[in-house]
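Please look over the protein shown here, and keep its helices in view while reading the report that follows.

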Amino acid sequence: MAARRKHKRGYKFTEKTQSKRGMLALFFAVVSLAIFITVVFYSFQSRGNGSMYLGSAGVASMILSVIALGLAVVSLREENSFKLFPYLSTVVSFLMAGVWIALYAVGFAL
């Protein structure tokens, strides 16, 4: 019989834990989203003449979203972990990476 761990209000019948990589990937994706909103706001405020710092923040955020996507995919393969954070982080980081890549593709095309 599997060892049962004493939980706060009784017994916990599973050995599953929350995925730390999934939580980290979700954090990176949310940070990337916050930077995206900030960069777009300041870019509109400066009427498209943003500084070099604004562009480098955008590039760093795009790299961060791609790292978050990689972490999210890796966290999906973890065994004995709950899948809420890995699935949530996969969706958010995929959307953010897609938005950043599409934004830079349109910028290079024009």
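## Helix 1

How many residues does helix 1 have, and how far does helix 1 reach from its first C-alpha to its last? Helix 1 has 26 residues and reaches 37 Å between those two atoms, close to the 38 Å expected at 1.5 Å a residue, where the expected span is 1.5 Å times one less than the number of residues. Helices here are DSSP runs of H or I with at least four residues, strands are runs of E with at least two, and both are numbered from the N terminus.

The buried residues of helix 1 are Gly 22, Ala 25, Leu 26, Phe 28, Ala 29, Ser 32, Phe 36 and Val 39; buried means under 20% relative accessible area, exposed means over 50%, and partly exposed lies in between, with a 1.4 Å probe and protein chains only. An α-helix has 3.6 residues a turn, so residues three or four places apart point the same way. The buried residues of helix 1 pack against helix 2 and helix 3. Just after helix 1, Arg 47 takes a positive phi of about 55°.

## The model as a whole

This is a predicted model, in which local features need pLDDT of at least 70 and side-chain atom pairs count only at pLDDT 80 or more, while totals for chains, interfaces and linings use all residues. Residues are numbered from 1 along each chain as its sequence is written, and side-chain values use heavy atoms, with hydrogens and water left out. The mean pLDDT (the predictor's confidence in each residue, from 0 to 100) is 82, and 88% of the residues reach 70 or more.

The protein has 3 helices and 4 strands, which follow the pattern β-β-β-α-α-β-α along the sequence. Of its 110 residues, 25% count as buried.

## Helix 2

The 25 residues of helix 2 should span 36 Å at 1.5 Å a residue, and its end C-alpha atoms are 36 Å apart, which agrees. Its buried residues include Leu 54, Gly 58, Ser 61, Leu 64 and Ser 65, and what covers the buried residues of helix 2 includes helix 1 and helix 3.

Ser 56 also lies in helix 2, but Ser 56 is partly exposed, with a relative accessible area of 39%. Ser 56 and Val 39 are 17 residues apart in sequence and 10.0 Å apart in space, C-alpha to C-alpha.

Helix 3 has 26 residues and reaches 37 Å from its first C-alpha to its last. Among its buried residues are Pro 86, Ser 89, Ser 93 and Trp 100, and the cover over the buried residues of helix 3 includes helix 1, helix 2 and strand 4 (81-82).

The axes of helix 1 and helix 3 come within 8 Å and cross at roughly 35°; axes are lines fitted to C-alpha atoms, for helices over the stretch in contact, and angles run from 0 to 180 degrees between N-to-C directions. The contact (heavy atoms within 4.5 Å) brings residues of helix 1, including Leu 26 and Phe 36, to meet residues of helix 3, including Val 92 and Met 96. By class, this contact has 15 nonpolar, 4 polar and no charged residues, where Ala, Val, Leu, Ile, Met, Phe, Trp, Tyr, Cys and Pro count as nonpolar, Asp, Glu, Lys and Arg as charged, and the others, Gly among them, as polar.

The axes of helix 2 and helix 3 come within 8 Å and cross at roughly 145°. The residues of that contact divide into 16 nonpolar, 8 polar and no charged.
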